[in-house]
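Here is a protein model to walk through step by step. Keep the sequence beside you and find each element as it comes up.

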Amino acid sequence: MSPPVSSGAPVQERRLGVLLSHLRPCTPPAARRGNHHHHHHHDLRVREAEGTGGLAASPCAADGSGETSGGQRCVFCEIVKGNKPAYKLYEDDVCLCILDTKPLSTGHSLIIPKRHFPSLQATPPSVIAAICCKLPLLSSAIVKATQCDAFNVLVNNGKVAGQVIFHTHVHLIPRRKGDNLWSSETYERNSIKHNQETKDLVSGIKELLFPPQDDSAEGSTIPKEL
């Protein structure tokens, strides 16, 4: 979800620039399709976002209160509580799916846990599992409703990765052939190097997952919690 309209331009640029990759400067997908009906609903979502004055796109407290370090409220927590408007697509005891107020494509949605967790690492595995198990259901409905060709599932975890609202959330972004949403899709990717550096990386990760001194982990395929 994008920061409120009142937020500074650099925050919005960072969110769009780092979301999966550098975005190719282009006309927004909705504008390219020229769908008047979509513009009406998009404008409504923007007006609702503009009416949420004071909501922050800054790190939220990790104590589950949903309050930021500046004393402001987490926008997702406020939506969950019903204090702020949102277009809700799905809701259960654990998670909520809403339309993004600044969609990268028609149907761009967010799946958020109802409890406040500032990062993926801080989110309990059971909550992550509850979110992930709803992806087939939600993506199927959104793909059919938008008549799109495919979709991206994306998590921006951490400021450098483009996270703006520090309440765990999963992006579900419908895609169409030729939408040119991600410029990195046209990049030529280099093959992995079969050298000592790569071997050391693999060893380092495995040692963190399965410490050699932990006899209980020997032969186990279940990594320890870091």
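This is a predicted model, and its pLDDT averages 75. Of its residues, 62% score at least 70. Strand 3 has the highest mean pLDDT, at 98. Helix 3, residues 36-50, has the lowest, at 38. Over residues 1-64, pLDDT stays under 50. The model has 131 contacts beyond four places in sequence for that stretch. Where pLDDT is low, the predicted coordinates should not be read in detail.

Now take the overall layout. The protein has seven helices and five strands. Along the sequence they follow the pattern α-α-α-α-β-β-β-α-α-β-β-α. The chain has 226 residues, and 38% of them count as buried. Look at contacts between residues with a separation of 6 or more. Residues 24 or more positions apart account for 60% of these.

Next, follow the strands. Strand 1 and strand 2 form a hairpin with three residues between them. They pair in the antiparallel sense over three bridges. In this pairing, E91 has L96 of strand 2 as its bridge partner. Strand 2 also pairs with strand 3, antiparallel, through five bridges. There, I98 stands opposite L110 in strand 3. Strand 3 in turn is joined to strand 5 by three bridges, again antiparallel.

On one side of strand 5 are V170, L172 and P174. On the other are H171, I173 and R175, and these are also buried.

Helix 6 is the next stop. It covers residues 135-146, which makes 12 residues. At 1.5 Å a residue, helix 6 should span 16 Å, and its end C-alpha atoms are 16 Å apart, so the two values agree. Which residues of helix 6 are buried? They are L135, L138, S139, I142 and T146. Seen down the helix axis, these buried residues fall within an arc of 95°, so they line one face of helix 6. The face turned away from that side carries the exposed residues P136, L137 and K144. Just after helix 6, Q147 takes a positive phi of about 55°.

What do the buried residues of helix 6 pack against? Their partners are helix 5 (125-132) and strands 1, 2, 3, 4 and 5. Why does S139 count as buried? Its relative accessibility is 6%, and buried means under 20%, so S139 qualifies. Leaving out residues up to four places away in sequence, S139 touches F151 and L172. S139 and G107 are 32 residues apart along the chain, and their C-alpha atoms are separated by 9.8 Å.

Finally, turn to the nonpolar cores. In soluble globular proteins, nonpolar side chains tend to be buried together. The largest nonpolar core here has 12 residues. Among them are Y90, C95, C97, I111, F117 and V127. Also in this core are I131, L135, L138, I142, V170 and L172. Strand 2, helix 5, helix 6 and strand 5 each supply at least two of its residues. Helix 6 gives the most, with three. Y90 shows how one core member is placed. Beyond its neighbours within four places in sequence, Y90 is in contact with C95, L96, C97, K134, L137 and L138. There is also a second, separate core of 10 residues. This second core includes C74, V75, L96 and I165.

Notes:
Residues are numbered from 1 along each chain as its sequence is written. This is a predicted model: local features need pLDDT of at least 70, side-chain atom pairs count only at pLDDT 80 or more; totals for chains, interfaces and linings use all residues. Side-chain values use heavy atoms; hydrogens and water are left out. Helices (H or I, at least four residues) and strands (E, at least two) are DSSP runs, numbered from the N terminus. The expected span of a helix is 1.5 Å times one less than its number of residues. Buried means under 20% relative accessible area, exposed over 50%, partly exposed in between (1.4 Å probe, protein chains only). The arc is that of the directions from the helix axis to the C-beta atoms. Contact means heavy atoms within 4.5 Å. pLDDT is the predictor's confidence in each residue, from 0 to 100. A nonpolar core is a set of buried Ala, Val, Leu, Ile, Met, Phe, Trp, Tyr and Cys residues joined through side-chain atoms within 4.5 Å. Two strands pair if DSSP finds at least two bridges between them.
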